[in-house]
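Dear colleague,

I am passing on the structure we spoke about, and I would be glad if you could look through it alongside the notes below.

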Amino acid sequence: MITLKNISGSALQQEEEKILEILSTVTDPEVPVLTILDLGIVRQINVTPTDVSTVEIVITPTYSGCPAMDVIGMNIRLALLEKGYKNITITQVLSPAWTTDWMTTSGKEKLKAYGIAPPQGQSSRIEKLLFEEDKNIECPLCNSINTRLISQFGSTACKALYQCNDCKEPFDYFKCH
Amino acid sequence: MQQNLSHNIEEPASSKTAQKILENHPGDNKLSYLLHLADNALILAQRNAEWCGHGPILEQDIAITNISLDLLGQARNFYQYAALLINQQNTSSNDPSLNTGTVTEDTLAYLRTERHFKNCLLTEQPNGDWAQTILRQFLFSNYQYFLYQQLQQSKDEQLVAIAAKSLMEVTYHLRWSSEWVIRLGDGTAESHQRMINALEELWQYTGELFQPAFYETSMAETGIAADLLSIKNKWMEKVVAVFTEATLTIPEKTFMQQGGKEGRHTEHMGYILTELQYMQRTYPGCNW
């Protein structure tokens, strides 16, 4: 969900790309296989033209109460400090609200390999009828789609709990948001 | 010999400063409105968190505490916005005593007294049994759902942003609590009776949701706050639809309690704050 602001090939865009490279090493503390870029929570990178060691990183929370956000902010700061950046501002913005639609394809693949079923379909699917389940959620272990919902709320705010009817394993599903 | 107890980190606003700062803004209807929205979310979050480790089954224990966490996050967003407005006003104030500390979300949550809290009475009602907790959540999520929907038309950009973010979360809360109301209401004789008991206890606190406080009226006129009358019908339609499936009926002729929005609370509120604010009151300025 991030678009670089400066003209392709310009010195400032090279700076932005350097930062992007650093940010790709920062992971979600609760789902450590996902980088913050995979999650799609980095909104903007602002490099100060007169002093490239002064940067602002704009991020957006996944859920209002996500306890990982403060840790993520701190980890971004540490990663940048390590590479010599001096004045680092981390800004949180709420609008437009984050959605699972912004998760990258490679992010979804990493989730599945980690044992968490990635979000299926668009975030508009959060409006459902009562007792309606997300059907055909693929079991990340045996790939069966013969699965059932155990609970809409799982180990973290972003996940629901499912069970596979074939291999019987319970698993987390990263729900649409 | 004198001991030097001062330290270098920025002094948080003391309890006294917090009171003074807040009392300095009595006519600030926008601030009151933000605190009202924040307090609703914080107090219900605190109540739901009491279930942590005590839920009827593990999955539902996790569900109710997840909802609690979402509400806490919403409260933080509103408090942070309120703190920003207060700090902006205090910096431009001529009264030097208002510049002695920075107000943060924590000042607002931990250092205000009962009379300054503007949450609806419904949110502070005790958990009771699972039926009462479920019904309280359904009645309030249903309210938040339409309220946040309406706030997307607010003239205040930050309110629109917070409401849009929160609405996605509340959508899940409303569906979950609606399903539970139906499951219990249309369940066994025991669960049905417990829902009736919960309804008799809680229905009297639903009138206040739609009874605007002075700051809501004033902010609705300027296009910032939600218009409560327009959401009342939608709220009621949903209640009727879910109750019908749950084989429950709305109690008749109930006297409606009110006062929470203006700081007049039920006796439960003091106990909630005692627990919620204990650490900051005992060790002022303590940090993790």
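Predicted model: local features only at pLDDT ≥ 70, side-chain atom pairs only at ≥ 80, totals over all residues.

Chain A contains an open sheet of three strands, which are arranged in the order E1-E2-E3 with mixed pairing. Its edge strands, each of which pairs on one side only, are E1 (42-48) and E3 (87-92) of chain A, and neighbouring strands in this sheet are turned against each other by 15° on average, with direction ignored. Strand E2 of chain A, which covers residues 51-59, pairs with E3(A) in the parallel sense over six bridges, and A:Ile57 has A:Ile90 in E3(A) as its bridge partner.

As for the helices, helix H3 of chain A (residues 68-82) packs on the sheet, where it touches E2 and E3 of chain A, and its direction makes about 155° with that of E3(A). Helix H1 of chain A (residues 11-23) lies across E1 and E2 of chain A and runs at about 130° to E1(A).

Turning to the contact between the chains, 25 residues of chain B are in contact with 20 residues of chain A. On the side of chain B that touches chain A, helix H3 (58-91) and helix H7 (157-185) of chain B each supply at least two residues, and H7(B) gives the most, with 15 residues. Sorted by class, that side of chain B has twelve nonpolar, seven polar and six charged residues.

With best regards

Conventions:
Residues numbered from 1 in each chain as written. Chains lettered and ligands numbered in written order. Contact = placed C-beta atoms within 7 Å. Helix = DSSP H or I, 4+ residues; strand = E, 2+ residues; numbered from the N terminus. Nonpolar A, V, L, I, M, F, W, Y, C, P; charged D, E, K, R; others polar. Pairing = 2+ DSSP bridges. Axes fitted to C-alpha atoms, helices over the stretch in contact; angles between N-to-C directions.
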